[in-house]
Amino acid sequence: LNYPTAQFMTSAPTLAKCPEDTGAEVAFAGRSNAGKSSAINALTQQKALARTSRTPGRTQLINFFSVMNNEACRLVDLPGYGYAQVPEAVKLEWQKHLSDYLHSRLSLRGLVLLMDARHPLTEFDQMMLGFADQRDMPVHILLTKADKLKKGPASAALQKVRSRLQEWEDLVSVQLFSSLKRDGVDSLAQRLDQWLHT
Ligand code: GDP
């Protein structure tokens, strides 16, 4: 699919406000600062489709983008998570919105989970993997900011994450990714194509 055609559709604060649950979509999730906005912008070759470094604490929205002018084919930017400054009650509320969305959204074909290659599999990441596992949702993991690691440590990080997720290898795939160098954009696009075409 031609991801650079992606266009902003709408924002939703809760599952109830999401666009009609038909067609197909893939969602992007990650701890705040994992590099999610940069990855969406690299994929779509747009400078500011997903806004980077959002102000923590502000109302966070689920953002929907249509691909190739087709609202039945969507990329979804889930709210970042884990800002230290946010009160616990707000974090719990966001956790609920994420779990509602991931558990009930029928058009959701797969989850792209972004993790800083230097600090993968945080508590948040494990929670998201748990949500996906509960409904056999495939997950594609991007180990981001791979340019910050030398080749050896980068492939070691990749192997480590793969081996820790070995029991889920049917549902989970993992790759290195760098928005800065545009490394891994094609592999990501191929995975999205598989999900959005079916
Ligand atoms: P988000 O909070 O997950 O949307 O993360 P952002 O995309 O806003 O990125 C967080 C920070 O990491 C920003 O300062 C980015 O410039 C930086 N960053 C994102 N991707 C990369 C990358 O591939 N390489 C490097 N070196 N820095 C990156």
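Begin with strands β5 and β6, which run parallel and are joined by 6 bridges. The model is a predicted one. Within this pair, select Leu113: its bridge partner in β6 is Ile141. On β5, Leu113 also stands opposite Ala29.

One of the paired positions is Glu25, whose bridge partner in β5 is Leu108.

**The whole sheet**

Now extend the selection to every strand of the sheet. In what order do the strands of the open sheet lie? The 7 strands follow the order β1-β3-β4-β2-β5-β6-β7, and their pairing is mixed. The edges are formed by β1 (7–12) and β7; each has a single partner strand, so one side of each has no neighbour in the sheet. From one strand to the next, the twist averages 25 degrees.

Helix α5 lies across β2, β4 (70–77), β5, β6 and β7, and runs at about 140 degrees to β2.

Return to β5 and colour its residues by burial. Since 9 of its 9 residues are buried, β5 is largely enclosed by the rest of the structure. Select next the largest nonpolar core, which has 50 residues; Phe28, Leu113, Ile141 and Leu143 are those with the most contacts inside it. Strand β5 (residues 108–116) supplies the largest share of this core, namely 6 residues. In soluble globular proteins, nonpolar side chains tend to be buried together.

Centre the view on Ile141. Which residues is Ile141 in contact with, leaving aside its neighbours within four places in sequence? They are Leu113, Met115, Val161, Val172, Ser173 and Val174.

**Helix α2**

Select residues 88–104, which form helix α2. This helix has 17 residues and reaches 24 Å from its first C-alpha to its last, close to the 24 Å expected at 1.5 Å a residue. Leu98, Tyr101 and Leu102 are buried in α2. These three cover an arc of only 95 degrees around the axis, which puts them on the same side of α2. An α-helix has 3.6 residues a turn, so residues three or four places apart point the same way. The buried residues of α2 pack against β3 (62–67) and α3 (123–134).

Most residues other than glycine have a negative phi. Although Asn33 is not a glycine, it has a positive phi of about 80 degrees. Is Asn33 buried, partly exposed or exposed? Asn33 counts as partly exposed, because it has 17 C-beta neighbours inside 10 Å.

Conclude with Arg182, found in the loop between β7 (172–176) and α5 (185–197). The phi of Arg182 is near 60 degrees, again a positive value in a residue other than glycine. With 13 C-beta neighbours inside 10 Å, Arg182 counts as partly exposed.

Key: Residues numbered from 1 in each chain as written. Predicted model: local features only at pLDDT ≥ 70, side-chain atom pairs only at ≥ 80, totals over all residues. Helix = DSSP H or I, 4+ residues; strand = E, 2+ residues; numbered from the N terminus. Expected span 1.5 Å × (residues − 1). Buried ≥ 20, exposed ≤ 12 C-beta atoms within 10 Å, placed from the backbone. Arc of directions from axis to C-beta. Contact = placed C-beta atoms within 7 Å. Core = buried A, V, L, I, M, F, W, Y, C linked by C-beta atoms within 7 Å. Pairing = 2+ DSSP bridges. Axes fitted to C-alpha atoms, helices over the stretch in contact; angles between N-to-C directions.
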